[in-house]
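Below are some notes for a colleague who has not looked at this structure before. Please read them with the model open.

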Amino acid sequence: MGLITPSPNPAGILGDLLAAALNQNLGAYSIGPSATAMELRVIRWLNDLIGYDEKAGGNLTSGGMMANFTGLKLARDFTTGNTAQYDGLQDRWAVYVSEERHVSIDKSVDAVGLGRNNLRVISTDENFCIKIDELEEAIAKDKKEGIKALCIIGLAGTTNLGAVDDLEALHKIAAREQCWFHVDAAYGGGMLLSHKNKKLLKGLHLADSVTIDPHKWFYAPLDCGAILVKDHDQLTRSFGIQHAYLTDQSERKNERYQFYVNGFEQSKRFRSLKVWMSFQHYGKDQIGEWVDKNVEQANYLHQLAINSKDFESATEPKMSAICIRYKAEGLTNEQLTKLHIDVAARIEKEGNFWFATTILKGKTWFRINPVNIYTTIETMDALFPYVLHIFKVAEGLRHTTD
Ligand SMILES: Cc1ncc(COP(=O)(O)O)c(C=O)c1O
């Protein structure tokens, strides 16, 4: 329950076993024809879930990091009129995202040659969503200095808390600034399958590109991320290079889709099989039920926390990530941070549970994130008193050493 690595679904595990045996390579159609057909199918399904039309495309990737990187590369190329892939970045540009972003965004702005200092980190409101007025101010300030918007990134399911930015407002601003609009739904994409809260990702289809990780909340075994792109042709414009030995000169070349011409990776494994088998075997309704159960478990834990005098919860969870914090009387912020880190280490050592600590608006919290198909409400009933007990023991020890 610490990070976002669910227990994989059994059909997906078999899919990966078969994929290893078949050893299809998407590096070229000729050495991976079945994998090419199936990846195209899975990409289509994901695009249907987002609400993209037939012009959309995409790539399965190793995860959200590579998907966000690809999204940023598409942004850079599109916004510079498809010149940056040849000439590099010529003018001064900035990318805008909230403080709740995943670290993959920082790495991506670096990797596409923009530089981390040109990532504008915008504060979030009380719901941990990007502050639109602060974003507008940052864009206006940059414009005055001759810096143009290259990309606006929306978060549809923050890593810490599953918060969702106002995607419709962000799209409007990106359209006005004529820049790319990328949405990171690496974790939150699972909510597209939810039966209970389908509208949470409202406006996702407005993005130019979207990151969704099937190896997160679609319960597929590692590894499988996805970059989904509203206009498939931007993939070709951004990546399309064909070397002679890879050029398909057969009569059927137009029917043979080449992922390497439309994406970053060359040799690439048959990732789609496990996702396809999961959906074939369980159906999206069953997977959606698992998602809803995880959301229920997080909400249950939130209720336990807010009904207890000893804990606070950062916000009511919209997804399955929840942050709770122990409220010890008379401790400074620094002492509380140390206490949380000590307790997390003690819990790790005892081996019954494991979850991460994180920082939200300067305070340390436990980040607890049920994404397991076998987790139940009873698990939460066991977890909560256990965590309280470890805090009390740690506090007792602290008083003794004081
Ligand atoms: C919102 C978000 N984006 C991107 C990533 C990176 O994904 P991966 O670890 O699959 O590369 C994560 C990982 O937790 C994430 O939560």
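Predicted model: local features only at pLDDT ≥ 70, side-chain atom pairs only at ≥ 80, totals over all residues.

1. Strand 9 (residues 322-326) is paired with strand 11 (residues 363-368) in the antiparallel sense, over three bridges.

2. The loop between strand 10 and strand 11. This loop contains lysine 361. Its phi is near 45°, a positive value in a residue that is not glycine. Is lysine 361 buried or partly exposed? Its relative accessibility is 49%, so lysine 361 counts as partly exposed. Exposed would require over 50%.

3. A second open sheet is built from seven strands in the order 1-7-6-5-4-2-3, and its pairing is mixed. Strand 1 (57-61) and strand 3 stand at the edges, each pairing on one side only. Ignoring direction, neighbouring strands of this sheet are turned by 20° against each other on average. Helix 9 (residues 232-239) packs on the sheet and touches strand 1, strand 5 and strand 7. The direction of helix 9 makes about 65° with that of strand 1.

4. Strand 2 and strand 3 are paired in the parallel sense over four bridges, and valine 95 stands opposite leucine 119 in strand 3. Strand 4 and strand 5 are also parallel, with five bridges between them. Here isoleucine 153 is opposite histidine 182 in strand 5.

5. Strand 5. How many of the five residues of strand 5 are buried? The count is five of five. Both faces are covered: Trp180, His182 and Asp184 are buried on one side, and Phe181 and Val183 on the other.

6. Helix 5. The buried residues in helix 5 (residues 103-111) are Ser104, Ile105, Asp106, Ser108 and Val109. What covers them includes helix 3 (64-79), together with strand 2 (93-98), strand 3 (119-122), strand 4 (148-155) and strand 5 (180-184). After the helix comes glycine 113, which has a positive phi near 90°.

7. Asparagine 68. This residue lies in helix 3. Why does asparagine 68 count as buried? Its relative accessible area is 0%, and buried means under 20%. Apart from neighbours within four places in sequence, asparagine 68 is in contact with Ser104, Ile105, Ser108, His182, Asp184 and Thr211. Of these, Ser104, Ile105 and Ser108 are among the buried residues of helix 5, while His182 and Asp184 are on one side of strand 5.

8. The ligand. The ligand is surrounded by 14 residues, the closest being Met65, Thr159, Asp184, His215 and Lys216. A side-chain N or O atom of lysine 216 is 2.9 Å from an oxygen atom of the ligand. On its own the ligand has 390 Å² of accessible area, of which the protein covers 82%.

9. The loop between helix 8 and strand 7. Two residues here deserve a check of their backbone. Tyrosine 219 lies in this loop and has a positive phi of about 60°, although it is not a glycine. With a relative accessibility of 0%, tyrosine 219 counts as buried. Aspartate 223 is in the loop as well, between helix 8 (214-217) and strand 7 (225-229). The peptide bond that joins leucine 222 and aspartate 223 is cis, with omega about -5°.

Notes: Residues numbered from 1 in each chain as written. Heavy atoms only, no water. Pairing = 2+ DSSP bridges. Buried < 20%, exposed > 50% of the residue type's maximum accessible area, 1.4 Å probe, protein only. Contact = heavy atoms within 4.5 Å. Near = heavy atom within 4 Å. Polar contact = N/O pair within 3.5 Å; in protein donor to acceptor, adjacent residues only side chain to side chain. Areas by Shrake-Rupley, 256 points an atom, 1.4 Å probe, with all protein chains shown as cover. Axes fitted to C-alpha atoms, helices over the stretch in contact; angles between N-to-C directions.
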